[in-house]
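Q: I've got a model open and would like to learn how to read it. Where do we start?

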Amino acid sequence: MPKELIRLVDCLMVFDDEIVLDSINLYINDREFLTLLGPSGCGKTTTLRIIGGFQKPTSGSVLFDGVRINDVPPHKRKVNTVFQKYALFTHMNVFENVAFGLRIAKVPEAEIRRRVAETLALVNLSGVERRSVDSLSGGQQQRVAIARAVVNRPQVLLLDEPLGALDLKLRKEMQIELKKIQQQVGITFVYVTHDQEEALTMSDTIVVMNNGKIQQIGSPTDIYNEPKNAFVADFIGESNILDGVMLRDYVVSFAGRQFECLDHGFRAEEPVDVVVRPEDLHIVEPEKGQLQGVVQSVIFKGVHYEMVVRSGEQDWLVQSTLFRPAGETIGLQLTPNDIHIMHKS
Ligand SMILES: Nc1ncnc2c1ncn2[C@@H]1O[C@H](COP(=O)(O)OP(=O)(O)OP(=O)(O)O)[C@@H](O)[C@H]1O
Ligand SMILES: [Mg+2]
């Protein structure tokens, strides 16, 4: 059984009469990799700062191991933070940057040496102890920042867009390494990003936020396959989102015809959002398709082709390993499983 570590209860945050967090409820299990995901300004950093103790919620409670810690200052929480701007001490070498927190805590010198060496090995930086941090690459500096936080053995590490400054290739490598570090050391990670792909690859649990509200909490597969509303569906991946009408249980109408679906329990004739992933539209011969359309454009994306296909008034985004040139008429086929129905929000 996973053990609950942190809980936010009805956390409200108001700045200048503006509600920035709207009664957030959330729990985080011990050793979980939980990601706060959402667009700029949705309240991710504010939530992280409340957990870290840098900000007090206007109302509501922050619990750690079941104990209310609203009034506990940051340095007394079993939490460490890696900020996006991870200001390293440029006048100190790598070793001293990592050792800094241990020196403050008056850890004996021999133990400092052992723990710094251990931690640098963990982040693949053995051998650069004496280098000045200025002489390191961006990715290496990022690792020093992570080592500096991990070496204190916090129970929880808060990471605010820690890979934001890195180029795409390095970011992908660091994503894998961070995940490895988290599993090896067994710490709880609360991770902030606005990059949905990053969230999907790294997390045990994703919290999707928008406008200070939690939209959905779930595993990456839950969130991807069963988005709760059109916002989540759109944010978590490219989607076709259409207006539809739920005619009765298991039958929905959109794009000018009826489709079988797996959804039920809607009001008769209820207007709904219909979401179809681009990779779920299967290209078939025109006469075999439920929809017919003309390819408007096609680009190669490395693994698949991405096409815009116009059918009636509707432009569909289609991803397929099959190539169809612009101007060609094709059929599109959808199974009930590929159609996601959502209440209008
Ligand atoms: N100290 C503050 N005073 C006033 N408003 C604030 C303060 N801190 C944050 N805000 C506002 O709260 C909202 C949420 O900010 P927050 O930094 O949590 O967003 P975010 O999701 O981290 O965004 P980003 O992805 O851009 O970092 C924003 O509208 C921001 O302007
Ligand atoms: Mg932020």
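This is a predicted model: local features need pLDDT of at least 70, side-chain atom pairs count only at pLDDT 80 or more; totals for chains, interfaces and linings use all residues.

Q: Which residues are around ligand 1?
A: Start by listing the shell. Here it runs through Phe-15, Asp-16 and Val-20, then Pro-39, Ser-40, Gly-41, Cys-42, Gly-43, Lys-44, Thr-45 and Thr-46, plus Glu-161. Sorted by class, that's four nonpolar, five polar and three charged residues. Helix 1 (residues 44-52) gives the largest share, three residues.

Q: Which polar atoms lie 2.5 Å, 2.8 Å and 3.0 Å from an oxygen atom of ligand 1?
A: Look for N or O pairs within 3.5 Å. At 2.5 Å you'll find a polar side-chain atom of Ser-40. A backbone N or O atom of Gly-41 sits at 2.8 Å, and a polar backbone atom of Gly-43 at 3.0 Å. As for cover, ligand 1 exposes 630 Å² taken alone, and the protein buries 59% of that.

Q: In what order do the six strands of the open sheet run?
A: Trace the pairing across the sheet. The order is 6-7-8-3-9-10, with mixed pairing. Strand 6 (79-82) and strand 10 (213-218) are the edges, each pairing on one side only. From one strand to the next, the twist averages 15°.

Q: How do strand 9 and strand 10 pair?
A: Check the direction, then the bridges. Strand 9 (residues 205-210) pairs with strand 10 in the antiparallel sense over five bridges, and Ile-206 stands opposite Gly-218 of strand 10.

Q: Which strands does helix 5 lie across?
A: Take contacts, then the angle. Helix 5 (residues 168-185) lies across strands 3, 7 and 8, at about 155° to strand 8. Helix 4 (residues 138-150) lies across strands 6 and 7, running at about 170° to strand 6.

Methods:
Residues are numbered from 1 along each chain as its sequence is written. Chains are lettered from A and ligands numbered from 1 in the order in which they are written. Side-chain values use heavy atoms; hydrogens and water are left out. A residue is near a molecule or strand if one of its heavy atoms lies within 4 Å of it. A polar contact is a pair of N or O atoms within 3.5 Å; within protein, one must be able to donate a hydrogen and the other to accept it, and residues adjacent in sequence count only if both atoms are side-chain atoms. Accessible areas come from the Shrake-Rupley method with a 1.4 Å probe; for residues, only the protein chains shown count as cover. Helices (H or I, at least four residues) and strands (E, at least two) are DSSP runs, numbered from the N terminus. Ala, Val, Leu, Ile, Met, Phe, Trp, Tyr, Cys and Pro count as nonpolar, Asp, Glu, Lys and Arg as charged, and the others, Gly among them, as polar. Two strands pair if DSSP finds at least two bridges between them. Axes are lines fitted to C-alpha atoms, for helices over the stretch in contact, and angles run from 0 to 180 degrees between N-to-C directions. Contact means heavy atoms within 4.5 Å.
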